[in-house]
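The structure comes first, and the notes follow by topic.

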Amino acid sequence: MDTGVDRSPSLPRGASLIALLGILLIGFAAAVIPSPPAPLDSDAPADVFSAGRAAAHIDTIAATPRVPGTPEHTAARDYLVSTLQELGWRTSVQSGVGWTTSDDPPGQRGARVGNIVAMIPGSDPTGTVVLAAHYDTVVGSPGAGDDGIGVSTALETARALGAGPTPRNDIMVLITDGEENGLLGSQVFTRSRSPALGPTVVLNHEARGNTGTPTTFRMTSPNGELLDVLTRSPWAEADSLTQLAFEALPNDTDFRNFTAADFSGFDTAIAAGSAYYHSPLDTPDRLSRQSLQQMGETSLSTARILADTDLVTLDDAGNEVVSLVPWGLIHYPRWVEIAGAILLALAVAVLVVARVRRREATPGRILATGALAFVAAIAAAGVAWLPWWLAQQVSPGMASAVAEEPYRPIPFQVAAVLAALGVLVVLYVALRRRVPGPALICGFFVTVAVLALLGTPFPGVASTLVMPVLPTVVAVLVTLALPAGAAGRRLAVLTVGALPGAVLSIRGALLSFDAGLVAGAPAAGIFVAITFVATSPLWEPVLRSTTVRLSAATAVVLVAVCTTAAGFVNRDGATDPRQEYLWYALDTDGGTATWASPDAPRSTWSKALLSAPASPLPELFPWRGDQRLSQGPAPVADLVPPDIEVLEDRSAGGARQLRLRLSSPRGAPAVGLWIDDTTATVHGATVDGRRAEPSSDFGFMFWAPGPNGIEVTLTLGVLADRLGVRVADRSGDLSVVPGYQPPTDRVVVQPDVVVTRSLEI
């Protein structure tokens, strides 16, 4: 009976190690050596994109946060309007009310928005090309990255386009408002868009950090002609797998509304440096000029091509897959990806049959190894995240407040890669004691082939597996035809076959880290597993005589050293200031005040303020639902509560209709209202003229109410003689709290000052 004895000729261990290290080094070099374009100064030629000129806009608008309803927001809008007018664009402000409903936490949000719309007409338009970004920010963040980089890219691209010949198509600059509060500005724009726009293609610009490679992580479908355009743009980066991954995340951009309005286009963003995201440290001096230059050059080139394209034909192209390779973007029809997965499966099947016939493997061992290989890949993804998780247990303040990322992630990235590789090596060595090398490698290939076939319904999945591994499988098949003594030729063939896998997968692992450690480290772990499979024929001779204890001990030591070094370079005081949430709530009914935070205290400073156990505070933060908040007693500030004026009150047949005016006498940029569901059920509602969703637990938050407030109309099913109402307003300046002293070694992220009161009407 065949026991699967390893009858394959051995490769020399030393030569295999040199070849393995060589292709891994080449793969790493191919990923890091191509550098993005150098930033151009403000004296660059008029028809090119200049990061220097673009950065001047960021310096102006990102000096302070731009929260809707604040003077700083108005000043930013005025600056952008005047800048576009000076460029000669026909510019206007589109005003309206945006509204959205959230499921988690439940509630509704609205705002008065002011979108900036600028146009230059084309010579013979077939449609409109839109350069889009948003100019509002969250509370407390200057937003140099989010979305100063997008706004400045749109402005500098518009200037460069205006310096050239008149485009064929109409060009629009659309700088939306209210994006941070629920994509509200883009909702207003798409809801009232003019049919005169014709076929419309949007280049949306975003950021979830302050550095990194601008990546087109989402595009509309059909995408064939869009990909033709994108691949002609210098420095463009995109990948179908990235789009698939983004759709699984909770983040979103204005692009969602553009897509719903049947616009075509691209969504492009930077995501590295996410520790600075939505924080006071998202400042102009910390924004990468190189990332700005790369985003701008890509957008300018893409816009120029689209400006002279027949936009009517955009929807005629099919759906294609796009992949990033060392020399740029490639795209191909979906059937090519499916055919690649089938080809890999056939090649692996041929290899399995050959190994079984040569008595170098048995089907049972191959299948068992394949199942374990899948488990190993999942383990590699999980273990890659482990160093960062452990560091946070030791020092929670090392993580940024919003994105939960460190300021200096590279040592943690190295630890993640080593942890993932360590798991794979230890498992390989453990299995190698019982299973011959050919059976192990066949099992790996079988797992990849099966996953590629299962992934064919999802664009990008099969290509991510097939492109690195198929050349290795083919190389192994070629070596089976070589004479038994041709060790040098076998090594050369396997090295050439493994090289594409190393180049493609190492690049994928490094790019994964742009998404941060929380999401990027597990993704990088998967790419490490793919790299290991693609290079497994060269690992076989290197690991053949290694023991499980030695490989495990080596992996643990290396990961521990890197994690310790990562913690040291990210220690308190060695980086930019660590971050804390701090909110203040004043209950004017009881004359009490509370400090609160969605995080546990991270420092001596916050522990002194947040001294009570965490629990929900629905009366003080009704829009937070049942979220548990750290809390502690706070000084009572002399702040005027929000006001409600009854404009009309009618009752008939058990129903009651109220028309109210809700305002903030202290000029807070946001107001909110919630109905006590034990006193009435809301059957209909409008807020500042916009219809709201009726519900039994009705409530909303509204930004930019203005000095005169907003009108709210409610149609109620009466449950009690008097209607219970809870109102609140919100601002972001904690200095109004008596005795408040900001921390000297911390920054407060997204500060919130809430004043509430209850009424019976």
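**Helix packing and local geometry**

Helices α13 and α17 cross in a right-handed sense. The model is a predicted one. Helix α13 spans residues 437-454 and α17 spans residues 536-543; the angle between them is about 150 degrees, and their axes lie 10 Å apart.

**The α13 and α17 contact**
- On the α13 side the contact is made by Gly-437, Ile-441, Phe-444 and Phe-445, which meet Ser-536, Pro-537 and Glu-540 of α17.
- By class, four of these residues are nonpolar, two are polar and one is charged.

**Nonpolar cores**
- The largest nonpolar core holds 69 residues, and Leu-344 and Phe-445 have the most contacts inside it.
- Helix α13 contributes the most to this core, with 10 residues.
- Beyond residues up to four places away in sequence, Phe-445 touches Val-348, Leu-351, Val-469, Thr-472, Val-473, Val-476, Val-533 and Ser-536.

**Cysteines**
- No disulfides are found in a search of the whole structure.
- Cys-442 counts as buried because its relative accessibility is 1%, under the 20% cut-off.
- Cys-562 has a relative accessibility of 18% and therefore also falls under the 20% cut-off for buried.

**Pro-142**
- Pro-142 sits in the loop that links β3 (128-134) to α4 (144-162).
- Its relative accessibility is 7%, so Pro-142 counts as buried.
- Pro-142 and Tyr-740 are separated by 598 residues in sequence and by 22 Å in space, C-alpha to C-alpha.

**Cis peptide bonds**
- The bond between Asp-146 and Asp-147 is cis, with omega about 5 degrees, and Asp-147 belongs to helix α4.
- The bond between Ser-221 and Pro-222 is cis, with omega about 0 degrees; Pro-222 is in the loop between β6 (215-219) and α6 (224-231).

**Positive phi outside glycine**
- Asp-262 has a positive phi, near 70 degrees, and lies in the loop between α8 (255-260) and β7 (264-270).
- Asp-262 is exposed because its relative accessible area, 66%, is over 50%.
- His-278 has a positive phi, near 55 degrees, and is placed in the loop between β7 and α9 (289-307).
- His-278 is buried, since its relative accessible area is 10%, under the 20% cut-off.

Note on methods
Residues are numbered from 1 along each chain as its sequence is written. This is a predicted model: local features need pLDDT of at least 70, side-chain atom pairs count only at pLDDT 80 or more; totals for chains, interfaces and linings use all residues. Side-chain values use heavy atoms; hydrogens and water are left out. Axes are lines fitted to C-alpha atoms, for helices over the stretch in contact, and angles run from 0 to 180 degrees between N-to-C directions. Helices (H or I, at least four residues) and strands (E, at least two) are DSSP runs, numbered from the N terminus. A crossing is left-handed if the near helix is turned anticlockwise from the far one by less than a right angle, and right-handed if clockwise. Contact means heavy atoms within 4.5 Å. Ala, Val, Leu, Ile, Met, Phe, Trp, Tyr, Cys and Pro count as nonpolar, Asp, Glu, Lys and Arg as charged, and the others, Gly among them, as polar. A nonpolar core is a set of buried Ala, Val, Leu, Ile, Met, Phe, Trp, Tyr and Cys residues joined through side-chain atoms within 4.5 Å. Buried means under 20% relative accessible area, exposed over 50%, partly exposed in between (1.4 Å probe, protein chains only). A disulfide is a pair of cysteine sulfur atoms within 2.5 Å.
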